[in-house]
Structure formats: C-alpha cells, structure tokens
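Open the model in your viewer and keep the selection tool at hand. The stops below say what to select next and what is there.

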Amino acid sequence: MITIHTDGACIGNPGPGGWAAIVLQDGAKRSLHGQEDRTTNNRMEMLAVVKGLEAVPESADVMVFSDSQYVINTMTRSWKRNKNKDLWARLDAEV
C-alpha cells in the first residue's frame, strides 16, 4: 500500500500559498511541493492531494492522510462542491 501525507496553506485567504505531499512507496519517500502567488487554503489542501495521487501508478492501492476537513468531508460526507470545481474534477479523475 502507498501512503500519501498532504498539507496546504496560505498567508491571507486569498494570498500566497503552498502545498506539499509526502509519498511513501516500497520503503522510499518522495517529497512533492509547489506554490501559487494568489490562492486559498482549500485550494492548496486539494492540490496537495491531487499532486500526490498523480505521482503514483493508476492501479495502486493508496491511503491519503490530510488534516483538511474540507477535503475529507467533501469526499466522504458529500459536502457541496460550490467552489474549486476545476480541482474537484481532477481529484475525482484520480480517485
């Protein structure tokens, strides 16, 4: 099983932000990260998950760890997707 630990944040909302994903696979650890000049906390949390999933093989068993209630509850409790529809489409495609 591949595990992915993610986080995202920004200064101000919106403001400059960043995301990170740590991918643990077959005893190896890969760090992924990026930034955007004007973004929101939720976008960075989502982008961390998307980028982590994009970095693993399509058929792999994956467990994602996130501290984002927005990401977790929208994926598991059907919270409404009123914003960030571009990232929700990418996340759905990866899942």
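The lining of the largest pocket divides into 14 nonpolar, two polar and two charged residues. Here Ala, Val, Leu, Ile, Met, Phe, Trp, Tyr, Cys and Pro count as nonpolar, Asp, Glu, Lys and Arg as charged, and the others, Gly among them, as polar. This is a predicted model, in which local features need pLDDT of at least 70 and side-chain atom pairs count only at pLDDT 80 or more, while totals for chains, interfaces and linings use all residues. Residues are numbered from 1 along each chain as its sequence is written, and side-chain values use heavy atoms, with hydrogens and water left out.

Stay at the pocket and select Val-49, Leu-53, Val-62, Val-64 and Val-95, the closest to its centre of the 18 lining residues. A pocket is an open set of points on a 1 Å grid over the protein atoms alone, where a 1.4 Å probe fits, with protein on both sides within 12 Å along at least five of seven lines; lining residues have an atom within 4 Å of a point. H1, strand E4 (62-65), helix H2 (69-76) and H3 each supply at least two lining residues. The largest share, four residues, comes from H2. Helices (H or I, at least four residues) and strands (E, at least two) are DSSP runs, numbered from the N terminus.

Next, select helix H1 (residues 41-54) and helix H3 (residues 85-94), which pack at an angle of about 30° with their axes 9 Å apart. Axes are lines fitted to C-alpha atoms, for helices over the stretch in contact, and angles run from 0 to 180 degrees between N-to-C directions. The angle makes H1 roughly parallel to H3; angles under 35 degrees count as roughly parallel, over 145 as roughly antiparallel, 65 to 115 as roughly perpendicular and the rest as oblique.

Tyr-70, Val-71, Thr-74 and Met-75 of H2 make the contact with Trp-88, Leu-91 and Asp-92 of H3.

Move to the loop between H2 and H3 and pick Ser-78. Ser-78 is not a glycine, yet has a positive phi of about 60°.

Last, go to Pro-14, in the loop between strand E1 (2-10) and strand E2 (15-25). A cis peptide bond joins Asn-13 to Pro-14, with omega about 15°.

Definitions and conventions:
Contact = heavy atoms within 4.5 Å.
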